[in-house]
Amino acid sequence: MRRLLLAAMMIGAVSGARAADLSDLPILRGSYSDAPAARVNWQGFYVGGQGGYGSSDEKFAGTNQPMLAALLDHNVIEQMQVSQWNLGLGKQSSHSSAYGAFTGYNWQFEDVVVGVEASYVHGSFGGMSTANKALVSGTALSDTLFHSVSVDSSASIAISDMATMRARAGYAWGCFLPYVFGGIALGNADISRSVTVHDAVSTTINGTFSPLATLNATDVVHNHLVYGYSFGVGTDINLMGGLFMRAEWEYARFTSAVDTTVNTGRLGLGYKF
């Protein structure tokens, strides 16, 4: 009997000690724990792939004016200020899908994350515009002749590749890393511009006009480097380990011969080493 009582007392003492130790551990109630959540480590190199959809807007107004002015330099019809005509080259928009990749490096200071990144997409952004204007001189010009002048004008740009080098800053919030970024933008573009001037003369304003030689100027460049700037917002979402998903919007503007802006929305998948 005494042995049985002693064994019961020893079991009770051990159980009490274990209960005391458990009081120092996080209390679990269902799926809840008061233990601090582990912070996602965003620091390090990362790479990924991305795809998306975007739109481009081209402002062609005034694009061909310098070319037309050079073509008509010292020409008598410049008395009609032909090179200053508003030919009606306007704004055009287009849409395209895009795909590419990104890579960068993050530095993390508790919840603040800063980094540098290079992003690339391949697509088909651009457009074209054509215009025409005709006018008959109201009086004879310095050559004592009346002139009937018409101008055909066209311009186009096609950006197939676009890369941005950017700095970014974000705030780690659980598995989310919302961020903002800004930097320089580079593009590979084909640009074409053309103006054609038709001139006919007559000794009277109502007479029969005889055509003169057609004047033409064309400027075509392929694989031309265009540059500008970009900015945008996005968020990275940690999935497991170093694997993360990305959603992003970017605005890029290229101040080339044709003022072009490109807006893209993208989804991506990356891995941080």
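This is a predicted model: local features need pLDDT of at least 70, side-chain atom pairs count only at pLDDT 80 or more; totals for chains, interfaces and linings use all residues.

Author: Start with a charge. The charged end of Arg168 sits over the ring of Tyr179, 4.5 Å from its centre.

Ring pairs link Phe102 with Trp42, Tyr46 and Phe244.

Now the pairs. The structure holds 11 aromatic pairs. One of them joins Tyr105 and Trp107, with ring centres 4.8 Å apart and planes at 65°. That angle is over 60 degrees, so the pair counts as edge-to-face. Trp107 has 37% relative accessibility and so counts as partly exposed.

Tyr271 and Phe273 form another pair. Their ring centres are 5.3 Å apart and the planes stand at 75°, so this pair is edge-to-face too. Tyr271, at 40% relative accessibility, is partly exposed. Phe273, at 62%, counts as exposed, because the cut-off for exposed is over 50%.

Last, the setting. The protein chain has two helices and 11 strands. Along the sequence they run α-β-β-β-α-β-β-β-β-β-β-β-β. Of its 273 residues, 38% count as buried. Among contacts with a separation of 6 or more, 73% come from residues 24 or more positions apart. The accessible surface is about 15,200 Å², and carbon and sulfur atoms hold 62% of that surface.

Key: Residues are numbered from 1 along each chain as its sequence is written. Side-chain values use heavy atoms; hydrogens and water are left out. Rings of Phe, Tyr and Trp (its six-membered ring) pair if their centres lie within 6.5 Å; planes under 30 degrees apart count as stacked, over 60 as edge-to-face and the rest as tilted. Buried means under 20% relative accessible area, exposed over 50%, partly exposed in between (1.4 Å probe, protein chains only). A charge sits over a ring if NZ of Lys or CZ of Arg is within 6 Å of the ring centre and within 35 degrees of the ring normal. Helices (H or I, at least four residues) and strands (E, at least two) are DSSP runs, numbered from the N terminus. Contact means heavy atoms within 4.5 Å. Accessible areas come from the Shrake-Rupley method with a 1.4 Å probe; for residues, only the protein chains shown count as cover.
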